[in-house]
Amino acid sequence: TLRDRYAAQVYDVDSAIAEQEVVCAINEGITVALRLGADCPLAPGSVYVSEMFGVGGWEDRQLEELKNAVKCKRCRGPVEVMECLVDEIRRRGEKGEE
């Protein structure tokens, strides 16, 4: 599950529109805040990366590129977003060295 794999914490952001935020940690030294819209998981793009922070040498440019790559995939759920993000990191071979 999301909590087991990414130490996820879920927070209610706006109860009027049923929006939630899920904060996850990736072993590669990145913390990701995902925003889940009211239509999640029904609509593509209903989950998006709202914030991303890196430690251990990650540059803002690298984080923004990862965020944009995942955004283009228009994921339906938080697990799908996190899997896409991890796949993208591995595909690029980036762990903060560049």
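**Entry 1: S46 and its loop**

I looked up S46 and located it in the loop between β3 and β4. Helices (H or I, at least four residues) and strands (E, at least two) are DSSP runs, numbered from the N terminus. I worked on a predicted model, in which local features need pLDDT of at least 70 and side-chain atom pairs count only at pLDDT 80 or more, while totals for chains, interfaces and linings use all residues. Residues are numbered from 1 along each chain as its sequence is written, and side-chain values use heavy atoms, with hydrogens and water left out.

Is S46 buried or exposed? I noted a relative accessible area of 5%, so S46 is buried. The term buried means under 20% relative accessible area, exposed means over 50%, and partly exposed lies in between (1.4 Å probe, protein chains only).

I then listed the residues that S46 touches, not counting those up to four places away in sequence. They are R35, L36, G37, D39, C40, P41, C75 and R76. Contact here means heavy atoms within 4.5 Å.

I found G45 in the loop between β3 and β4. G45 has a relative accessible area of 29% and is therefore partly exposed. Leaving aside neighbours within four places in sequence, G45 is in contact with R74 and C75. I also recorded that G45 and R76 are 31 residues apart in sequence, yet 5.8 Å apart in space, C-alpha to C-alpha.

P41 is found in the loop between β3 and β4. Which kind of peptide bond joins C40 and P41? I recorded a cis peptide bond, with omega of about 5 degrees.

R74 is not a glycine, but it has a positive phi of about 50 degrees. Its relative accessible area is 49%, so R74 counts as partly exposed.

A7 is found in the loop between α1 and β1 (9-14). A7 also has a positive phi, about 50 degrees, although it is not a glycine. With a relative accessible area of 51%, A7 is exposed.

**Entry 2: D4**

I turned to helix α1, where D4 lies. D4 is exposed, with a relative accessible area of 66%. How far apart in space are D4 and I17? I noted 27 Å from C-alpha to C-alpha, for two residues 13 apart in sequence.

**Entry 3: the nonpolar core**

I looked up the largest nonpolar core and found that it has 25 residues. Such a core is a set of buried Ala, Val, Leu, Ile, Met, Phe, Trp, Tyr and Cys residues joined through side-chain atoms within 4.5 Å. Which residues have the most contacts inside this core? They are I30, V32 and L34. At least two core residues each come from α1 (2-6), β2 (19-26), β3 (30-36), β4 (47-54), α2 (60-72) and α3 (78-92). The largest share, six residues, comes from α3.

I followed I30 beyond its neighbours within four places in sequence. I30 is in contact with C24, A25, M52, F53, G54, W58, L63, L66 and I89.

**Entry 4: G54**

G54 has its place in strand β4. At 28% relative accessibility, G54 counts as partly exposed. Apart from neighbours within four places in sequence, G54 is in contact with G29, I30 and L63. I recorded 9.8 Å between the C-alpha atoms of G54 and A25, which are 29 residues apart along the chain.

**Entry 5: the whole protein**

I noted three helices and four strands, which follow the pattern α-β-β-β-β-α-α along the sequence. The C-alpha trace spans about 40 × 25 × 25 Å along its principal axes. Of the 98 residues, 41% count as buried.

I compared the radius of gyration, taken over C-alpha atoms, with the globule rule of 2.2 Å times the number of residues to the power 0.38. For 98 residues a compact globule would have a radius near 13 Å, and the protein has 13 Å, which agrees.

Among contacts with a separation of 6 or more, I found that 41% are between residues 24 or more positions apart.
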